[in-house]
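Please consult the sequence and the structure shown here alongside the text.

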Amino acid sequence: MGKTRTKIGKWLDKYGVSQEWLVKKTKLGRNTVSRICSDKEYSPRTTTIKKLMKAIREIDPNAKADDFFDI
């Protein structure tokens with residue numbers, strides 16, 4: 001694909017989940033989700049991480065925040 005992907009971006013690719021799904025589930029903005037999936041330097045707020053993890057756990061119940069973020 002040639003695009004830079006963060007751990008969350010790679011997880012989405014692995015499970016065949018779209019960024020749009022993440023936008024709808026988390027109610028985060030498209031730009032925020034896009035940045036989370038592609039900008040390795042971006043550090044989301046704790047509330048954002050909680051929203052992301054709630055959505056991710058619908059697909060992967062064993063996922064942990066430190067699988068995706070340096071906490």
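## Salt bridges

R35 is partly exposed, at 42% relative accessibility; by definition, buried means under 20% relative accessible area, exposed over 50%, and partly exposed in between (1.4 Å probe, protein chains only). The side chain of R35 forms a salt bridge with that of D39 (3.2 Å, N to O), and D39 is likewise partly exposed, at 25% relative accessibility. A salt bridge here is a side-chain nitrogen of Lys or Arg within 4 Å of a carboxyl oxygen of Asp or Glu. The structure holds 4 salt bridges. In general, side chains of opposite charge can pair when their charged atoms come close.

R30 and E20 are joined by a salt bridge between their side chains (2.9 Å, N to O). This pair links distant parts of the chain, with R30 in helix 3 (residues 30-38) and E20 in helix 2 (residues 19-26), 10 residues apart. Helices are DSSP runs (H or I, at least four residues), numbered from the N terminus. R30 is exposed, at 55% relative accessibility, whereas E20 is partly exposed, at 29%. A salt bridge also connects the side chains of R5 and D13 (2.9 Å, N to O); R5 is buried, with a relative accessible area of 10%, and D13 is partly exposed, with 34%.

## Basis of the model

This is a predicted model, in which local features need pLDDT of at least 70 and side-chain atom pairs count only at pLDDT 80 or more, while totals for chains, interfaces and linings use all residues. Residues are numbered from 1 along each chain as its sequence is written, and side-chain values use heavy atoms, with hydrogens and water left out.

## Packing against helix 4

Helix 2 packs on helix 4 (residues 46-59) at an angle of about 115 degrees, the axes lying 9 Å apart. Axes are lines fitted to C-alpha atoms, for helices over the stretch in contact, and angles run from 0 to 180 degrees between N-to-C directions. The crossing of helix 2 and helix 4 is right-handed; a crossing is left-handed if the near helix is turned anticlockwise from the far one by less than a right angle, and right-handed if clockwise. W21, L22, K25 and T26 of helix 2 make the contact with K51, L52, A55, E58 and I59 of helix 4, where contact means heavy atoms within 4.5 Å. The residues of this contact divide into 5 nonpolar, 1 polar and 3 charged. Ala, Val, Leu, Ile, Met, Phe, Trp, Tyr, Cys and Pro count as nonpolar, Asp, Glu, Lys and Arg as charged, and the others, Gly among them, as polar.

Helix 1 (residues 7-15) packs on helix 4 at an angle of about 25 degrees, with 12 Å between the axes. Helix 1 and helix 4 are therefore roughly parallel to each other, a term for angles under 35 degrees. Their crossing is left-handed. I8, W11 and Y15 of helix 1 meet L52, I56 and I59 of helix 4, and the residues of this contact comprise 6 nonpolar, no polar and no charged.

V33 lies in helix 3 and is buried, with a relative accessible area of 0%. Leaving aside neighbours within four places in sequence, V33 is in contact with Q19, L22, V23, T26 and L28. The C-alpha atoms of V33 and P44, 11 residues apart along the chain, are separated by 9.9 Å.

T48, placed in helix 4, is buried at 11% relative accessibility. Beyond its neighbours within four places in sequence, T48 contacts L28 and I36.

Conventions
Helix = DSSP H or I, 4+ residues; strand = E, 2+ residues; numbered from the N terminus. Parallel < 35°, antiparallel > 145°, perpendicular 65-115°, else oblique.
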